[in-house]
Amino acid sequence: MGEEKENAQERVVDISLKDLSKKLEDFARVRDWEKYHSPRNLLLAMVGEVGELSEIFQWRGEVDKGLPNWEESEKEHLGEELSDVLLYLIRLSDICGIDLGDAASRKLVKNAIKYPPPPPPNVL
């Protein structure tokens, strides 16, 4: 039974943007922070978090995919800063009335048209 509980805690949770949006809305409401969540304030807060994220990479040079030479604590810190940026982005999109999932999906379609894959090489 104890092992099952540990596995459940380690399991990755698949959560939607809408679920995160609702959690952020509730989080702000119960703390009476909604009055501070203007588009400008949220954008500036997100830019600050992007700065904190940038600091993690500032003096490392190029970093290999998967961060093989990083300590677990460094990866955890990176995850926290990435999460801060994501959460502010979701909140900003909600306050602006933008469905971020829909906007991102439409942008992917536009990018696929704008940047088509190269044609296959001619085979003789």
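## Helix packing and a pocket

Start with helix α2 (residues 17-30) and helix α4 (residues 72-95), whose axes come within 10 Å and cross at roughly 85°. Angles of 65 to 115 degrees count as roughly perpendicular, so α2 and α4 are roughly perpendicular to each other. Keep in mind that this is a predicted model. On the α2 side, the contact uses Leu 17, Leu 20, Ser 21, Leu 24, Glu 25 and Ala 28, and these meet Leu 86, Leu 87, Ile 90, Arg 91 and Asp 94 of α4. Sorted by type, the residues of this α2 and α4 contact are seven nonpolar, one polar and three charged.

Now turn to α3 and α4. Their axes come within 9 Å and cross at roughly 160°. With anything over 145 degrees counted as roughly antiparallel, α3 and α4 are therefore roughly antiparallel to each other. The crossing of α3 past α4 is left-handed. Among the residues making this contact are Leu 42, Met 46, Val 50 and Leu 53 from α3, along with Leu 78, Val 85, Tyr 88 and Leu 92 from α4. The tally for the α3 and α4 contact is 16 nonpolar, one polar and five charged residues.

Last stop, the largest pocket, which holds about 320 Å³ of space. It's lined by 14 residues, and the closest to its centre are Leu 24, Phe 27, Trp 33, His 37 and Tyr 88. Which elements give two or more residues to the lining? They are α2, α3 (39-57) and α4. By type, the lining has nine nonpolar, two polar and three charged residues.

Conventions: Residues numbered from 1 in each chain as written. Predicted model: local features only at pLDDT ≥ 70, side-chain atom pairs only at ≥ 80, totals over all residues. Heavy atoms only, no water. Axes fitted to C-alpha atoms, helices over the stretch in contact; angles between N-to-C directions. Helix = DSSP H or I, 4+ residues; strand = E, 2+ residues; numbered from the N terminus. Parallel < 35°, antiparallel > 145°, perpendicular 65-115°, else oblique. Contact = heavy atoms within 4.5 Å. Nonpolar A, V, L, I, M, F, W, Y, C, P; charged D, E, K, R; others polar. 1 Å grid on protein atoms, 1.4 Å probe; cavity = no way out; pocket = protein on both sides within 12 Å on 5 of 7 lines; lining within 4 Å. Points joined across faces, edges and corners; volume = space filled by probe spheres on them. Left-handed = near helix turned anticlockwise from the far one by under 90°.
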